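Please look at the sequence and the structure below, and keep both in view while you read the paragraphs that follow.

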Amino acid sequence: MIGAFAASPLFGFLITEPVSVAHYLVVGAIMFTAGVACMATKRNALGVLMGIELVLNGANVNFVAFASPYLAGDGARSLGLDGQAIAVFVIVLAAAEAAVALAITLNFYNNHATVDVDRADDLKG
Amino acid sequence: MIPAPIAPQLIAPQWLLAMAALPVAAINWHSFFFLLFAALACGFAVAVVAATNVVRMALYLVLSLAATAGLFLLAGAEFVGAMQLMIYVGGTLVLLVFGVMLTAQAPFVSIATSGGDRVMAGVVGLALLGALLLASLSVPAWRAPASGSLAEPAATPLGMAFVGVRVDGPAAGTPEAAVRPGYLLPFEIVSVHLLVVLVGAAYLARAKRRKTQRAIDVAASVEPPASVAEHAAIGRGQVGSGSVLSGGPVLTGGPR
């Protein structure tokens, strides 16, 4: 599979042409989708948490791509410093969110002796 | 005796030959490293979804996030890339691995998902991916190749902007530059937010010895050795009649 890809004209095009914002957007889209699928399928609470991290990271890739003066084509305007500042804030908030979510998970584990999110139905009416 | 000739595919795989066919001067090394880091980031992100063992998921997540830091550095965002490595890879992932270690006992390491859920998530995920790719590739301005003019390093302007001084963009003195505040207020808000969150997390995760009926049931279903079961029976008898069987939360000691 790698051989077919490397011999294809697409690979030659990708490796000889400069990258564009769209390249980064594709990477961000794949990471975002992987995160959403992770959140949807994992029954382990920590797996759901990892899916959230992937989603935030995919969004961050887009912010950094739009902020980059290098990636903007001729005459196009980039987000500038705003995009990078937003990316830093997202990273900090993701760290905070991970800390709280992990504390909740540990509490849930202490009380229920499991981390299966399907068992968290105590509030079901 | 003449050794049998070795097939060229055994000496070098086909993709290496295909790369060798490209003249080295024609390779855009920025694109090359972008492809490398993008393949690592996307591949390990998909591996996080595919893996069922939570420890492996954590490892794949580390690698995916580290490759993303490489993408940030390639885009000219050095400070964000460094923050990604230090906070995400260094901090958040240590936290996650701690969570895995504190909760992952043998039955809970890999909790299987039913096949129907997997198919449903695959369909929804592919539809979402298609929509996102369509949106990303539909704007011509985003597909314009990079002009290649790298601006000055962004770490200093970003650091100055976080303390409220903008040193980037329009020259000082122009009307555009007069009304461009930095990010001092968001920075303060995030700082206080982080402090409050860490205090809250420490409060939530403090050691408690409170158990609900379900935890007691689960612990009982593990079938402790006979001697332990005897001790437990003696202990229940001492607590008094009905305190466990009534189903309410039971305090078995501790500060609360």
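**How two chains pack together**

H3(A) passes H6(B) in a right-handed crossing, where a crossing is left-handed if the near helix is turned anticlockwise from the far one by less than a right angle, and right-handed if clockwise. Helices (H or I, at least four residues) and strands (E, at least two) are DSSP runs, numbered from the N terminus. This is a predicted model, in which local features need pLDDT of at least 70 and side-chain atom pairs count only at pLDDT 80 or more, while totals for chains, interfaces and linings use all residues. Residues are numbered from 1 along each chain as its sequence is written, and chains are lettered from A and ligands numbered from 1 in the order in which they are written.

Two packed helices are described by the angle between their axes and the distance between the axes. Here axes are lines fitted to C-alpha atoms, for helices over the stretch in contact, and angles run from 0 to 180 degrees between N-to-C directions. H3(A) and helix H6 (residues 115–137) of chain B pack at an angle of about 160 degrees, with their axes 9 Å apart. That angle makes H3(A) roughly antiparallel to H6(B), since angles under 35 degrees count as roughly parallel, over 145 as roughly antiparallel, 65 to 115 as roughly perpendicular and the rest as oblique. By class, the contact of these two helices, H3(A) and H6(B), has 16 nonpolar, four polar and two charged residues; Ala, Val, Leu, Ile, Met, Phe, Trp, Tyr, Cys and Pro count as nonpolar, Asp, Glu, Lys and Arg as charged, and the others, Gly among them, as polar.

A second pair of helices also joins the chains. The axes of H4(A) and H5(B) come within 11 Å and cross at roughly 175 degrees, and H4(A) and H5(B) are therefore roughly antiparallel to each other. The residues of this contact between H4(A) and H5(B) divide into seven nonpolar, two polar and one charged.

Which residues touch the most other members of the largest nonpolar core? Of its 82 residues, they are A:Met31, A:Val64, B:Ala41, B:Val48 and B:Leu71; a nonpolar core is a set of buried Ala, Val, Leu, Ile, Met, Phe, Trp, Tyr and Cys residues joined through C-beta atoms within 7 Å. H5(A) gives the most to this core, with 14 residues.

A:Val64 has its place in helix H4 of chain A, and with 28 C-beta neighbours inside 10 Å it counts as buried. A residue is buried if 20 or more other C-beta atoms lie within 10 Å of its own, exposed if 12 or fewer, and partly exposed in between, with C-beta atoms placed from the backbone. Leaving aside neighbours within four places in sequence, A:Val64 is in contact with residues including A:Ala87, B:Phe72 and B:Val80.

B:Arg180 lies in the loop between helix H9 (175–178) and helix H10 (184–204) of chain B, and B:Arg180 is partly exposed, with 14 other C-beta atoms within 10 Å.

Key. Two residues are in contact if their C-beta atoms, placed from the backbone, lie within 7 Å.
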